[in-house]
Amino acid sequence: MAVAEAQLYAKVSNKPRGRSPSALLEPLLAKGFPAHLAQKALVATGQKTVEDAVKWLHSHCNDPSLDDPIPQEYALYLCPRGRLHSRLQDFWRESKRQCGKNRAHEVFPHVTLCDFFTCEDQKVELLYDILKQVGDSFSQSFPPSISLTLHASPSYLGFFIDDSQANVLKDFAVAFSSEASALADCHVKPSLKQFHLTLAHRFYPHHQKTLEQLAKCINPGEPCQWVAALYSRDMRFVHYQRLRALFQYKPQNIDELMINPGDLIYVDPRQQSEAGEGWVIGTSHRTGCRGFLPENYTERAHESDTWVKHREYVFDTASRSFTKTEKEPNVKPNGKAHNLSMSGSVTNVLPLQNAALRRGVLVMRHGERVDQVFGKSWLQQCLTADGKYYRADLNFPSSLPRQKDSMKQFECDPPLSCCGIFQSRLIGEALLDQEVTVSYMYSSPALRCVQTAQHVLQGLKLNQKVRIRVEPGLFEWTNWEASRAIPKFMTVAELVEASYDIDTSYRGNFPLSSLVPSESYEDYVSRSSAVIKQIISACPCKGVILIVGHGSSLAPLTRALTGLPSRDSRDFAQMVQKIPALGMCFCEEQKEENKWQMVSPPVKTLTHGANTAFNWRNAIMED
């Protein structure tokens with residue numbers, strides 16, 4: 001058992017039991033569920049319905065930690081509703097699109113009243129009663145409106161609450177914590193520092209100006225109803241990453257994890273040494289089971305996506321933007337994991353982005369290469385006794401372009417597989433569907449990159465209109481070349497003869513002779529920085545500059561363009577291994593010329609499973 005888990009057990013051992021069974025607990029006991037498991041299921045589902053608790057218990061029937069006596073952690077937040085909440089959500093989305101994810105995106109908009117504390121499962125209902133009683137006692141003194149003042153620093157952006165109003169909120173938090181400590185045997189610490197609603201936190205300093213401009217689009221005086229909400233989280237996974245499953249995965253081996261679309265997975269970054277390339281070890285939020293799963297079947301989720309809302313107290317003030325029916329209670333149950341989406345549509349939203357066409361840079365990795373599927377000896381599988389090429393598998397290209405020298409040059413400069421060609425054309429078609437205007441196309445001299453660029457242009461219906469500029473400076477980090485030598489690439493003349501749409505007038509910024517074997521990581525980063533700056537200065541027209549490179553190209557090119565420092569060389573290789581075929585990054589120029597920021601690419605990447613070779617004779621005919 002890990003030290004951290006042992007400490008958790010120590011916190012909850014030998015605790016006295018709580019009060020008599022609740023109305024929800026009794027039906028579960030009647031169904032034969034043990035009391036401790038029934039209480040655990042009710043807490044995990046927000047004590048909403050018996051049906052939800054039964055479903056949770058059935059889902060967790062193989063959970064190895066089901067009997068562990070570890071309670072949930074709880075926090076009390078003050079959350080906005082109404083038009084102000086809608087504006088905050090607009091800011092959340094647009095700040096993420098323009099500046100990337102920061103720490104504030106992990107949790108929904110809120111003001112912290114009481115930070116996370118533990119409470120035994122059988123005493124959670126006491127917290128509900130306390131929230132109702134304390135809320136009622138403050139209902140008349142709660143501010144009719146809350147004044148919010150924007151505050152900005154190089155690492156923080158948010159609204160500060162006026163001191164006189166903050167004092168009322170502090171009194172409310174202190175009253176809740178005192179009652180919870182006395183009645184539910186919880187050690188609750190009220191928040192007593194400056195009350196604030198965070199907009200952005202731990203962002204890059206050069207994003208501060210953009211974030212401030214977006215924040216000024218929020219009118220803090222918008223009609224708003226404030227709600228004190230009690231949330232819980234699983235304390236075992238506080239420092240884990242969260243992933244959301246995009247597709248179903250059925251285990252092929254006993255140590256793999258079954259996932260369904262929408263499942264949330266806890267992943268500990270410190271425990272991934274056992275996982276192979278493209279795989280992670282995770283624990284399912286839905287079932288509690290642990291195992292390996294393919295990382296490209298998931299996307300990053302937010303921390304609060306796995307939280308559960310238990311009860312909320314609605315402060316019914318004169319300035320509220322929503323009215324309640326007389327029968328609607330102030331304290332409401334909600335047992336579902338928190339959903340950030342609004343039930344109604346957002347209208348009259350202030351524009352948060354400039355619709356004018358700007359320059360963009362789309363950097364993508366090449367498509368699936370043939371040796372990635374068939375190994376380094378792929379060419380030997382396709383040569384006859386007299387040295388002629390033939391197609392040994394349908395995923396081999398139907399033919400190879402002509403070279404003056406031996407075909408063995410393709411061993412060090414492999415082409416795309418047929419699936420790689422299909423992938424590239426599909427990405428081009430997706431860019432066309434999104435009406436992406438590609439004005440320039442650059443490619444590494446590697447054949448797989450030139451072919452990717454060609455087929456992307458075909459998908460865009462831009463072949464013959466936009467020609468490929470072959471830039472030797474875009475070739476990958478030469479330290480990774482197995483032969484410890486620079487491959488002999490096809491010449492521009494050979495590429496043109498093979499019907500590739502090459503810009504024959506283009507002269508590369510880095511001649512092939514400048515590429516040296518086994519270059520240092522610092523030299524590669526420097527080369528990448530120089531080549532992206534030269535490409536930008538050579539492409540003044542509006543529209544997208546599309547660059548086809550390698551897995552190692554994405555980070556050095558985009559980080560240099562946006563002014564970010566280079567990644568540490570120790571984690572660079574691990575990062576590159578996670579970039580799939582045609583993985584891409586997109587940078588957009590800001591209003592200030594030559595100021596760039598990374599935003600979401602205009603299209604998704606393509607995800608698919610492996611398809612192994614099939615021998616019908618061995619599989620069907622032999623016993």
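How many helices and strands does the protein have? The protein has 17 helices and 19 strands, where helices (H or I, at least four residues) and strands (E, at least two) are DSSP runs numbered from the N terminus. This is a predicted model, in which local features need pLDDT of at least 70 and side-chain atom pairs count only at pLDDT 80 or more, while totals for chains, interfaces and linings use all residues. Residues are numbered from 1 along each chain as its sequence is written, and side-chain values use heavy atoms, with hydrogens and water left out.

**Overall figures**

- Of the 623 residues of the protein, 51% count as buried, a term that means under 20% relative accessible area, with exposed meaning over 50% and partly exposed in between (1.4 Å probe, protein chains only).
- The accessible surface of the protein comes to about 30,500 Å², and 51% of this belongs to carbon and sulfur atoms; accessible areas come from the Shrake-Rupley method with a 1.4 Å probe, and for residues only the protein chains shown count as cover.
- Among the contacts (heavy atoms within 4.5 Å) with a separation of 6 or more, 76% are between residues 24 or more positions apart.

**Nonpolar cores**

- The largest nonpolar core holds 54 residues, of which L127, F176 and L199 touch the most other members; such a core is a set of buried Ala, Val, Leu, Ile, Met, Phe, Trp, Tyr and Cys residues joined through side-chain atoms within 4.5 Å.
- Helix α6 (residues 124–138) gives the most to this core, with eight residues.
- A second, separate core has 43 residues, including F396, F410, M441 and L462.
- Neighbours within four places in sequence aside, L127 is in contact with Y74, F117, C119, F176, A180, A184, C186 and L230.
- L546, in strand β17 (residues 543–549), counts as buried at 0% relative accessibility, and beyond its neighbours within four places in sequence its contacts are L362, M364, L431, V438, Y440, M441, Y442 and V456.
- The C-alpha atoms of L546 and T437 are separated by 9.8 Å, although these residues are 109 residues apart along the chain.

**Salt bridges and the surroundings of R233**

- The structure holds 25 salt bridges, each being a side-chain nitrogen of Lys or Arg within 4 Å of a carboxyl oxygen of Asp or Glu.
- R233 and E73 form one of these through their side chains (2.9 Å, N to O), a pair that links distant parts of the chain, with R233 in strand β6 and E73 in strand β1 (residues 72–81), 160 residues apart.
- E303 and R233 also meet in a salt bridge (3.4 Å, N to O); E303 lies in the loop between β11 (298–300) and β12 (308–314), 70 residues from R233, and both E303 and R233 are buried.
- A network of salt bridges links E73, R103, R233 and E303.
- R103, in the loop between α5 (83–99) and β2 (111–119), is partly exposed with a relative accessible area of 35%, and a polar contact of 3.1 Å joins its side chain to that of E303.
- A polar contact is a pair of N or O atoms within 3.5 Å; within protein, one must be able to donate a hydrogen and the other to accept it, and residues adjacent in sequence count only if both atoms are side-chain atoms.
- S232, in strand β6 (residues 225–234), counts as buried at 1% relative accessibility, and its side chain makes a polar contact with the side chain of H310 (2.8 Å).

**Exposed sites and backbone**

- F614, W616 and I620 make a nonpolar surface patch of about 400 Å²; patches consist of residues with over 30% relative accessible area and no salt bridge, like charges being joined within 9 Å and nonpolar side chains (Val, Leu, Ile, Met, Phe, Trp, Tyr) within 5 Å.
- I620, which lies in helix α17 (residues 616–621), is exposed with a relative accessible area of 59%.
- Most residues other than glycine have a negative phi.
- K461 has a positive phi of about 60° although it is not a glycine, and Q464, also not a glycine, has a positive phi of about 80°.
- K461 is in the loop between α12 (447–460) and β16 (468–470), and Q464 lies in the loop between α12 and β16; K461 is exposed at 60% relative accessible area, and Q464 is exposed at 52%.
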